[in-house]
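Please find below a short note for a colleague who is meeting this structure for the first time. The points are numbered so that each can be checked against the model in turn.

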Amino acid sequence: MANNHKGAMRDCRMISLAQLRKLHAKLNELGLMDLKRDMIADCTDGRTTSSRELTFSEAKCLIEALSDSDERQR
């Protein structure tokens, strides 16, 4: 998601197991699991639809967006 050189270097790290679990928990909690592939495709500009192929920073961004959405719904 980052376009600068430093951001691109951070993107080399792949999603962590903790992030993967949190992402799936948030999607389930919000009832969005059916939209997971579309959300991931949007987040990665079409690079992937798989949560396991997200970079660390893409996963962080998506989890934060889902958390913000959850907070707004409360």
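1. Asp45 counts as exposed because its relative accessibility is 74%, where exposed means over 50% relative accessible area, buried under 20% and partly exposed in between, with a 1.4 Å probe and protein chains only. Asp45 lies in the loop between helix 3 and helix 4, helices being DSSP runs of H or I with at least four residues, numbered from the N terminus. Although Asp45 is not a glycine, its phi is positive, at about 55 degrees. Most residues other than glycine have a negative phi.

2. A word on the basis of these values: this is a predicted model, in which local features need pLDDT of at least 70 and side-chain atom pairs count only at pLDDT 80 or more, while totals for chains, interfaces and linings use all residues. Residues are numbered from 1 along each chain as its sequence is written, and side-chain values use heavy atoms, with hydrogens and water left out.

3. The largest nonpolar core has twelve residues, among them Ile15, Leu23, Ile40, Cys43, Leu54 and Leu62; such a core is a set of buried Ala, Val, Leu, Ile, Met, Phe, Trp, Tyr and Cys residues joined through side-chain atoms within 4.5 Å. Helix 2 (17-29), helix 3 (36-43) and helix 4 (56-73) each supply at least two residues of this core, and the largest share, four residues, comes from helix 4. Leaving aside residues up to four places away in sequence, Leu54 touches Met14, Ile15, Leu23, Ile40, Thr44, Arg47, Ala59 and Leu62, a contact being heavy atoms within 4.5 Å.

4. In helix 2, the buried residues are Gln19, Leu20, Leu23, Lys26 and Leu27. They lie on the same side of helix 2 because they cover an arc of only 135 degrees around the axis, the arc being that of the directions from the helix axis to the C-beta atoms. The face turned away from this buried side carries the exposed residues Leu17, Ala18, Arg21 and Asn28. After helix 2 comes Gly31, with a positive phi near 70 degrees.

5. How many disulfides are there? The count comes to zero, where a disulfide is a pair of cysteine sulfur atoms within 2.5 Å. For Cys43, the closest cysteine sulfur is that of Cys61, at 5.4 Å, which is too far for a bond. Cys43 is buried, with a relative accessible area of 10%, whereas Cys12 counts as exposed at 61% relative accessibility.
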